[in-house]
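Colleague: I'm new to this one. Could you walk me through it?

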Amino acid sequence: MSASKRGKAAKAAGTRFERRIANDLREWLPDHTITRNRSDLQMGQDGQSAGEFSITDGPFEVALAWELKRRAEWNEAMLFKSPIPKVIQGYWSEAVSAANCCVPRIWRQPIVVMQTTKRGAPILVLMRPTASRRLVWCGRKPLMRVQVFSDTLEGEELCVWTWKSLMSVPSLRLAELTL
């Protein structure tokens, strides 16, 4: 397969991943409107949205800046390395930049939803402990905690959830993120 065909196949797979996450979010948040932000608006340029998705029109605000990554360049074993490899640190830094970018300020918690391209690989979610604590419910809790070091964030601790576990938490728990 030529490089251009591989690039197109990877882009198509990434688009399918985004669509799957969007569909899961629509099922999890049925009273909200979920729309994908254009690339040029993912850093809050419109003063209203941040991250891959805007989640609006529901009974409560969903204060998350979503960053989605489906790439071959990382795998689950990297989460057990110290320090965490730069590729994952870069994903987190991107989510933090999107969450903190907006003027006027839009308060958002960064969240990274990531999956390697390996068939059957789990979808994993990275978030700050402050967000994670508010989502823990009836045995649904993070898989583990990791330390991320990057240029902008010195030694930030993150919680790692599986997507399946996060989607089993009642969506109303998201309302607590704005408290």
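Modeller: Here is a quick tour, from the overall fold down to single residues.

Modeller: This is a predicted model, where local features need pLDDT of at least 70, side-chain atom pairs count only at pLDDT 80 or more, and totals for chains, interfaces and linings use all residues. Residues are numbered from 1 along each chain as its sequence is written, and side-chain values use heavy atoms, with hydrogens and water left out.

Colleague: OK, what does the secondary structure of the protein chain come to?

Modeller: Four helices and seven strands. Both are DSSP runs numbered from the N terminus, with helices being H or I of at least four residues and strands being E of at least two. From the N terminus on, the order is α-β-β-β-α-β-β-α-β-β-α.

Colleague: And how much of the protein chain is buried?

Modeller: Buried residues make up 49% of the 179 residues. Buried is under 20% relative accessible area, exposed is over 50%, and partly exposed is in between, using a 1.4 Å probe and protein chains only. Also, take the contacts (heavy atoms within 4.5 Å) with a separation of 6 or more: 62% of them are between residues 24 or more positions apart.

Colleague: Which residues touch the most other members in the largest nonpolar core?

Modeller: Leu25, Trp66, Trp163 and Leu166, out of 29 residues in that core. Elements giving two or more residues to it include helix H1 (3-28), strand S4 (109-116) and strand S7 (156-162). H1 provides the largest share, five residues. There is also a second, separate core of 17 residues, with Trp92, Val96, Met144 and Val160 among them. By nonpolar core I mean a set of buried Ala, Val, Leu, Ile, Met, Phe, Trp, Tyr and Cys residues joined through side-chain atoms within 4.5 Å.

Colleague: Where do Trp66 and Trp163 sit in the chain?

Modeller: Trp66 is in strand S3 (residues 64-71) and Trp163 is in helix H4 (residues 163-167), so to speak distant parts of the chain, 97 residues apart.

Modeller: Trp92 counts as buried, at 0% relative accessibility. Trp92 lies in helix H2.

Colleague: What span should helix H2 have?

Modeller: At 1.5 Å a residue, the 15 residues of H2 (residues 86-100) should span 21 Å, and the end C-alpha atoms are 20 Å apart, which agrees. The expected span is 1.5 Å times one less than the number of residues in the helix. Buried residues in H2 include Ile88, Tyr91, Ser93 and Ala99.

Colleague: Switching topic: how many salt bridges does the structure hold?

Modeller: Nine. A salt bridge here is a side-chain nitrogen of Lys or Arg within 4 Å of a carboxyl oxygen of Asp or Glu. Lys69 takes part in one with Glu67 (3.3 Å, N to O) and in one with Glu94 (3.2 Å, N to O). That Lys69 and Glu94 pair links strand S3 to helix H2, 25 residues apart.

Colleague: How accessible are Glu67, Lys69 and Glu94?

Modeller: Glu67 is buried at 4% relative accessible area, and Lys69 is buried at 5%. Glu94 counts as partly exposed, at 34%.

Colleague: What other salt bridges are there?

Modeller: Glu156 and Arg128 meet in one at 2.3 Å, N to O. Glu156 lies in strand S7 and Arg128 in the loop between S5 and H3, so this pair ties together parts 28 residues apart in sequence. Glu156 is buried, with a relative accessible area of 14%. Glu18, Arg36 and Glu52 are linked in a network of salt bridges.

Colleague: Last one: what is the phi of Asp57?

Modeller: Positive, about 65 degrees, although Asp57 is not a glycine. Most residues other than glycine have a negative phi. Asp57 lies in the loop between S2 and S3, and Asp57 is exposed, with a relative accessible area of 64%.
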